[in-house]
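Here are my notes on the model you asked about. Have a look at the structure first, then go through the points.

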Amino acid sequence: MVGVSVNKPLLEVLRGRRQPIPPVWLMRQAGRYLPEYRAIREKAGSVLDLCFSPALAAEVTLQPIRRFGFDAAILFSDILVVPHALGRKVAFVAGEGPKLDPIEDAATIRNLPREIDQVILSPVYETIGRVKPQLPREVTFLGFCGAPWTVATYMIAGAGSADQAPARLFAYRHPQAFAELIDILVDASVDYLTRQFEAGVDVVQIFDTWAGVLPPEEFRRWCVAPAKRIVSALRDRVPEAKIIGFPRGAGTMLPGYLEEVALDAVSLDWMIDKTFAREQIQSRVPVQGNLDPLALVAGGARLDAAVDDVLDAFAGGPFIFNLGHGILPATPIAHVEQMLKRVRGA
């Protein structure tokens, strides 16, 4: 169930308490920029095989904690394990990313199961059980899922794209069928996150990576309303659940999102205006972010300046230092160390 230790700085921020040194972790912190991860990845085979190998997934979850001493560990998995557990074929092709059997008509959605197969997902919960006792007491353990809109974009198109046009077009042409798919994913997400809390995570993050491609009305329909339902239903099951939202690219639509979705914090992408975010968003909830991942790749004086800009903007209130999206594979380890020293004042 939800951790309540007062020794976890990140949890303190989620309770609205500013920390003298902001807690820090990085999205995709267990990943290809680490040689120890690449060694495990080669041993595991496919990404999906790694996600469903509890011993190996636990090891890669812990690797960045050992190397960098981050304030949070995030479960190693993937947002597409949910469609996999709904019976859709999922594969990860080297150099191309995820590939799924695309959903091309309403009939396919009508034939989807109404509940995820928890047997398929049981290795994920076993991974959580393996990681939990190995974490330092002060480190927060994060689980996650993909938001329904973002997961649906991959399920419709069978892959990612720059603007997720196939899913947007499907939603315009077949709104009832698309709403049915979203309903299925809302229920699946609630079940999946509930089980993650039961297995031992302290916090969950809902990744809506493709929220920013939608116009305002569609954003409210396909991003805000489903997130609101997930958070409400999850708190019915886990009353003290701590939840971070990440509707990437939402920009000026974020205040409206936060009026509807009762989050404990919101993660900010690197594209948002920091003054707007401090005045209109951090005044409502704690914020997380928002260093440009390419600044971390660049390093040097530009990285120092970029870190300082983020700290100057947000460290006066409840704040978690992070990237504005996932760490890039080309990121030098020395630059991560440089960033951590800057954040922590070492």
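**Notes on the model**

1. Of the 346 residues of the protein, 59% count as buried, where buried means under 20% relative accessible area, exposed over 50% and partly exposed in between, with a 1.4 Å probe and protein chains only.

2. Keep in mind that this is a predicted model, in which local features need pLDDT of at least 70 and side-chain atom pairs count only at pLDDT 80 or more, while totals for chains, interfaces and linings use all residues. Residues are numbered from 1 along each chain as its sequence is written, and side-chain values use heavy atoms, with hydrogens and water left out.

3. Confidence first: the mean pLDDT (the predictor's confidence in each residue, from 0 to 100) is 96, and 98% of the residues reach 70 or more. Over residues 1–5 the pLDDT is below 50, though this stretch has 16 contacts (heavy atoms within 4.5 Å) beyond near neighbours in sequence in the model. Where pLDDT is low, the predicted coordinates should not be read in detail.

4. On overall dimensions, the C-alpha trace spans about 60 × 45 × 40 Å along its principal axes. As for contacts with a separation of 6 or more, 74% come from residues 24 or more positions apart.

5. Asp71 and Val81 are 10 residues apart in sequence, yet 26 Å apart in space, C-alpha to C-alpha.
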